[in-house]
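Notebook open, structure loaded. I'm jotting down what I look up as I go.

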Protein chains: 4
Amino acid sequence: MSKRIKKIGVLTSGGDSPGMNAAIRSVVRACAYYNVECVGIYRGYQGMIEGDFENMGPRSVNNIVNKGGTILKSARSKDFMTPEGRAKAHENLVEYGVNALVVIGGDGSFTGAEVFNKEYKFPVIGIPGTIDNDIFGTSHTLGFDTALNTVVEAIDKIRDTASSHNRLFLVEVMGRDAGHIALNAGIGAGAEEILIPEEDLGLERLLESLRKSKLSGKSSSIVVIAEGDKIGKNVFELKDYIEENQPEYDIRVSVLGHMQRGGSPSCFDRVLASRLGVKAVESILEGKSNYMVGMLNDKVCLTPLDQAIKGHSQIDQELLRVSDIMTT
Amino acid sequence: MSKRIKKIGVLTSGGDSPGMNAAIRSVVRACAYYNVECVGIYRGYQGMIEGDFENMGPRSVNNIVNKGGTILKSARSKDFMTPEGRAKAHENLVEYGVNALVVIGGDGSFTGAEVFNKEYKFPVIGIPGTIDNDIFGTSHTLGFDTALNTVVEAIDKIRDTASSHNRLFLVEVMGRDAGHIALNAGIGAGAEEILIPEEDLGLERLLESLRKSKLSGKSSSIVVIAEGDKIGKNVFELKDYIEENQPEYDIRVSVLGHMQRGGSPSCFDRVLASRLGVKAVESILEGKSNYMVGMLNDKVCLTPLDQAIKGHSQIDQELLRVSDIMTT
Amino acid sequence: MSKRIKKIGVLTSGGDSPGMNAAIRSVVRACAYYNVECVGIYRGYQGMIEGDFENMGPRSVNNIVNKGGTILKSARSKDFMTPEGRAKAHENLVEYGVNALVVIGGDGSFTGAEVFNKEYKFPVIGIPGTIDNDIFGTSHTLGFDTALNTVVEAIDKIRDTASSHNRLFLVEVMGRDAGHIALNAGIGAGAEEILIPEEDLGLERLLESLRKSKLSGKSSSIVVIAEGDKIGKNVFELKDYIEENQPEYDIRVSVLGHMQRGGSPSCFDRVLASRLGVKAVESILEGKSNYMVGMLNDKVCLTPLDQAIKGHSQIDQELLRVSDIMTT
Amino acid sequence: MSKRIKKIGVLTSGGDSPGMNAAIRSVVRACAYYNVECVGIYRGYQGMIEGDFENMGPRSVNNIVNKGGTILKSARSKDFMTPEGRAKAHENLVEYGVNALVVIGGDGSFTGAEVFNKEYKFPVIGIPGTIDNDIFGTSHTLGFDTALNTVVEAIDKIRDTASSHNRLFLVEVMGRDAGHIALNAGIGAGAEEILIPEEDLGLERLLESLRKSKLSGKSSSIVVIAEGDKIGKNVFELKDYIEENQPEYDIRVSVLGHMQRGGSPSCFDRVLASRLGVKAVESILEGKSNYMVGMLNDKVCLTPLDQAIKGHSQIDQELLRVSDIMTT
């Protein structure tokens with residue numbers, strides 16, 4: 001155990017995701033277990049700059065393992081993008097006696113952590129918290145599993161009314177650059193077609209697929225669409241396009257929106273958060289820095305932060321094939 | 001018991017709502033209990049015109065009490081608005097030996113039932129099935145309670161992310177002409193403001209209310225808006241308006257959409273459906289016609305169909321006052 | 001408005017139920033609306049004796065409308081059954097300047113409130129909070145609706161495995177003296193038989209009913225049993241009895257237990273809590289005392305506390321008949 | 001692709017688990033994709049002996065991806081343990097032209113499959129379907145993830161009432177030989193102590209841990225116990241033991257029971273089922289036999305059936321350590 005580390009700071013940054021509270025709890029409890037002090041930093045890097053700190057012990061994290069959102073709040077900080085902002089943040093950390101930082105967030109947050117680490121040699125460890133699952137170095141990010149359940153439960157409800165009315169529903173889910181939510185939730189919800197940013201299906205093939213589905217006797221259809229799908233049209237333009245080309249369809253649009261970011265985390269996300277939080281603290285105490293903790297090959301592991309940022313979380317080709325078979 | 005009734009037809013019409021299957025099940029089981037035959041009619045009045053009928057016994061309705069949607073499917077029928085359509089429908093009913101009809105749907109469906117009853121003296125009883133709760137003669141329509149739970153669960157999730165980011169969310173819920181969903185779900189979700197079609201709050205008062213909420217230390221806010229609110233702007237225009245007048249707000253919009261129509265019915269809706277289904281069959285067997293069954297004053301009751309159609313389901317003034325007190 | 005009332009105390013007592021927090025919130029917000037101070041009393045009457053008080057304003061009740069349990073905690077107090085205990089409690093109230101009391105709980109809690117009111121002429125208003133729905137003077141107690149949804153969701157899950165294996169499940173639900181949960185959840189879950197304390201079905205008729213259900217082709221069965229059913233056997237004895245007399249059954253027992261008391265309240269319970277809390281405060285301010293607020297005939301109303309305690313919440317005969325028809 | 005395979009049979013056997021329907025659907029759709037016929041066999045091996053077969057196409061598996069239980073039903077078959085039973089089963093398969101078998105179930109079901117394969121050189125592939133996660137060769141069995149969510153949701157509810165009353169709850173979860181559910185759900189639910197079959201914590205240490213938890217200011221506690229925990233007492237005996245030795249505790253027991261086996265599968269289980277079903281069919285078409293498909297190291301993979309049966313799904317030591325840190 002590194003002797004220098006006496007106090008660890010923890011913050012959440014960027015878009016919130018279910019499981020962030022469970023990760024905070026894990027960091028706090030692991031600190032207590034290893035007799036290290038723990039400080040919560042509010043509103044991400046902005047709170048670090050403003051000195052919005054609070055000492056945290058096991059009592060501070062009672063009954064939060066099952067809560068969505070983040071008790072430490074989150075924010076995007078423009079000030080932290082300036083050297084002056086980071087200097088002020090560093091000053092505050094030093095003043096509070098904080099020796100190392102656990103940053104829970106996505107790749108934007110990790111970029112900030114890396115810059116800060118470079119400038120001040122300040123030990124940082126990242127925990128991947130985002131529903132999008134678009135981080136390299138972990139099979140699952142915190143909140144991804146919960147978001148998938150939120151999406152399939154919503155589509156299960158939409159399916160009820162779609163079947164009752166023989167309608168076509170276009171359901172937009174989150175994922176501006178990554179189709180992980182659309183692909184997994186689309187398979188899970190039994191969607192008739194799935195559109196993701198990583199693959200250009202083409203409008204013609206979509207129409208063809210809908211025609212085939214109708215011919216096969218299916219009376220209702222669900223198309224799941226990632227926000228950033230390659231087809232180059234938003235979900236309302238897509239509706240217009242299909243209506244022009246296939247006027248027999250009675251089409252409805254549903255944009256699931258921000259409810260995908262909230263909710264009580266699934267057991268999977270709570271356990272993942274507990275494992276990653278412990279690993280983050282233990283890594284710091286072993287003198288490691290500038291890594292992201294994650295799960296790969298069913299094991300907790302470390303990935304250098306710069307790889308986590310630059311790398312790309314690929315869509316699994318086997319899963320794409322399963323999707324093709326399920327939606328045929 | 002009327003001697004003439006040997007076979008009762010049942011159909012679902014208009015927008016589907018959770019609890020319709022439980023009501024179908026209740027009608028079928030009540031028919032079996034009273035030794036009357038029961039015929040399911042698919043796709044509402046359209047299936048009646050096309051002769052899309054199926055005999056139903058208790059086995060046909062096993063394991064549907066908890067399913068959303070309607071196994072009899074629903075549709076809107078333009079043909080039934082013509083005398084020729086209704087003549088064909090009547091012909092089919094006579095041919096199949098159907099003596100009376102249970103129509104599960106909203107006021108559009110009841111209007112069709114009433115016209116049909118007038119023309120052919122055909123016994124009809126309506127069961128109010130719509131999530132909007134906008135039918136006179138019943139404190140609750142089938143599906144209203146389930147939709148409320150769907151909405152508050154969604155807003156609970158949105159609240160997680162709103163609190164984490166200190167944001168203002170505008171959440172649009174269903175209810176084109178009636179604010180029942182917005183008012184009840186708004187109170188249930190602890191919304192900071194509720195906009196309904198029945199009341200013109202005024203844009204200025206909304207801004208004032210948001211300002212007060214911010215001053216009181218609230219860092220995030222949820223405004224629940226019925227589709228057809230009086231304010232004369234849709235939810236996206238409202239966002240623009242607030243942003244122009246209160247640029248400090250970070251605003252997000254969420255349109256909950258069609259998931260509100262689906263889902264496994266709540267226990268309340270299942271029990272309500274069971275009671276109304278039994279009452280519908282018993283009323284027919286007692287020789288009654290042209291009524292809607294409903295719940296008023298904690299009792300199952302009958303309301304003449306024309307009153308149910310013309311009457312208006314008023315917003316409860318006491319509930320409005322409670323809403324004012326809760327959102328102050 | 002009574003001039004004397006400047007500070008209202010609120011407490012939760014007896015078994016907790018979902019919606020208690022929403023009721024606390026409503027009392028606190030109504031006090032703020034009417035410019036009356038509000039004091040939360042922890043752990044029911046015991047905290048009143050021990051002076052465990054805390055001033056509450058709107059900020060104290062942020063984000064609790066959707067939380068199960070009670071932030072004021074609950075307890076049963078033996079000390080409050082003694083004159084000395086009540087004297088100490090009264091002393092504390094006077095010292096803190098509390099002029100009136102809102103008691104959220106069941107009939108045991110109301111009995112305490114009534115005795116206290118008699119001894120000290122202290123204004124008290126009761127809010128019925130119990131999942132059992134066994135209070136006279138209200139169609140719904142706080143938590144009843146939520147508990148019903150918890151029970152039907154659990155039985156829906158059990159039905160999956162019962163159907164897959166052609167099994168008979170005996171499911172015990174809460175309700176020592178009252179069959180409201182068993183009757184409503186039994187109908188809602190589509191149970192094949194329902195046993196409640198209010199009705200002695202007789203063991204022979206139960207066996208007969210199971211035989212008929214099997215003959216009719218049903219391969220699996222759910223029997224819902226209230227804790228205190230009249231049949232005089234607990235659920236495990238009942239299992240043994242059926243196995244002896246109908247050895248062909250593969251029987252499983254499930255006792256749903258305390259999860260029925262918890263969980264995020266349904267929208268119904270949240271709205272009910274909001275209405276009753278406002279009415280409680282307004283009644284106090286109108287100079288009323290020794291009443292319970294409740295919902296009857298779709299309206300908020302008052303019932304003298306002694307009637308609420310002595311009266312009995314009858315099982316609705318029409319609902320019993322519906323149950324007979326649904327389970328035949 | 002093996003030329004001999006023209007028709008694949010699929011059955012579910014042993015205890016049912018959520019995701020079995022999604023796996024059936026995947027097998028059927030994969031067969032259609034590869035132009036192979038598919039036959040559903042009802043009630044596991046017993047239906048195979050009785051010739052209870054049905055041809056299945058994509059239409060047969062519409063709208064089942066989200067359903068708990070198994071539409072093919074399940075059963076334990078004593079007849080299949082006899083050579084005569086297996087001979088009859090083989091005869092039926094040959095008569096129906098079935099060339100290969102996909103068996104969805106646990107290790108008992110796999111043992112039957114392996115014996116059958118040995119005797120008749122009949123191609124078999126297993127899909128691990130059990131909530132217990134006790135199968136070697138896969139990180140997750142079908143239904144495990146869903147059961148974990150069911151358990152944590154139930155304990156979240158119990159926590160509400162435990163916190164309100166300062167009580168100790170002993171919650172028994174499924175897992176006769178394996179502590180996977182208890183360990184993961186215990187961590188996920190934030191349990192204060194977790195007892196599993198793989199680890200003998202000792203009664204004294206349990207009491208010690210409860211004492212420490214109380215001293216640390218925790219007013220309520222949840223202990224999660226696997227059915228088959230090593231401590232050698234059932235949950236009711238454990239309650240008596242703690243009450244004798246720590247009479248200050250107000251203890252309640254909750255046995256979650258069979259609801260853990262049912263319910264709509266999580267997205268994780270639906271996607272897992274889809275992947276494993278496709279892999280099972282593709283493996284058969286590649287001429288493979290006597291394997292179980294599973295997920296290891298984030299990849300779909302094959303494990304010889306005999307290893308899957310004899311091997312043991314170990315408790316992850318890192319997870320045990322996380323559990324120790326979280327419950328300290």
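How much area do chain A and chain D bury between them, and what share of it is on carbon and sulfur atoms? I get about 4200 Å² for chain A and chain D, with 50% of it on carbon and sulfur atoms. Buried area here is the accessible area (1.4 Å probe) that two parts lose on being put together, summed over both. I keep in mind that the size of an interface is often given this way, as accessible area lost when the parts come together.

Ground rules before going on. This is a predicted model, in which local features need pLDDT of at least 70 and side-chain atom pairs count only at pLDDT 80 or more, while totals for chains, interfaces and linings use all residues. Residues are numbered from 1 along each chain as its sequence is written, chains are lettered from A and ligands numbered from 1 in the order in which they are written, and side-chain values use heavy atoms, with hydrogens and water left out.

**Chain A against chain D**

I looked up the contacts (heavy atoms within 4.5 Å): 52 residues of chain A touch 52 residues of chain D. Cys267(A), Ile325(A) and Met326(A) supply 15% of the area chain A buries against chain D, more than any other three residues.

Next came charges. I found eight salt bridges between chain A and chain D, a salt bridge being a side-chain nitrogen of Lys or Arg within 4 Å of a carboxyl oxygen of Asp or Glu. I noted the one from Asp316(A) to Arg275(D), where the closest N and O atoms are 3.1 Å apart.

Polar contacts across chain A and chain D come to 16 residue pairs, both residues at pLDDT 80 or more. The rule wants a pair of N or O atoms within 3.5 Å; within protein, one must be able to donate a hydrogen and the other to accept it, and residues adjacent in sequence count only if both atoms are side-chain atoms.

Which elements of chain A supply at least two residues each to the side touching chain D? My list has helix H1 (20-33), helix H5 (144-165), H6, helix H9 (267-285), strand E11 (299-304) and helix H11 (317-327). H9(A) gives the most, with eight residues. Helices (H or I, at least four residues) and strands (E, at least two) are DSSP runs, numbered from the N terminus.

That side of chain A splits into 19 nonpolar, 18 polar and 15 charged residues. For the classes, Ala, Val, Leu, Ile, Met, Phe, Trp, Tyr, Cys and Pro count as nonpolar, Asp, Glu, Lys and Arg as charged, and the others, Gly among them, as polar.

Asp316(A) turned up again when I checked Lys299(D): leaving aside neighbours within four places in sequence, Lys299(D) is in contact with Asp316(A) and Gly294(D). Lys299(D) sits in strand E11 (residues 299-304) of chain D. Its C-alpha atom is 10.0 Å from that of Ser139(D), 160 residues away along the chain.

**Inside chain A**

I have domain 1 (7-143 + 265-310) and domain 2 (146-261) in chain A, with bounds from an automatic or database domain assignment. Eleven residues of domain 1 and ten of domain 2 make the contact. The C-alpha centres of these domains are 35 Å apart.

The two domains of chain A bury about 890 Å² between them, 49% of it on carbon and sulfur atoms. Asp16(A), Ile131(A) and Asp132(A) supply 51% of what domain 1 buries there, more than any other three residues.

How many salt bridges link domain 1 and domain 2 of chain A? I count zero, though five residue pairs are in polar contact across that interface.

**Whole structure**

I found 68 salt bridges over all chains. One I wrote down is Arg176(A) with Glu227(A), closest N and O atoms 3.5 Å apart.

Last, phi angles. Most residues other than glycine have a negative phi. Arg43(D) has a positive one near 55°, in the loop between strand E2 (37-41) and helix H2 (44-50) of chain D. Lys73(D), also not a glycine, has a positive phi of about 60°.
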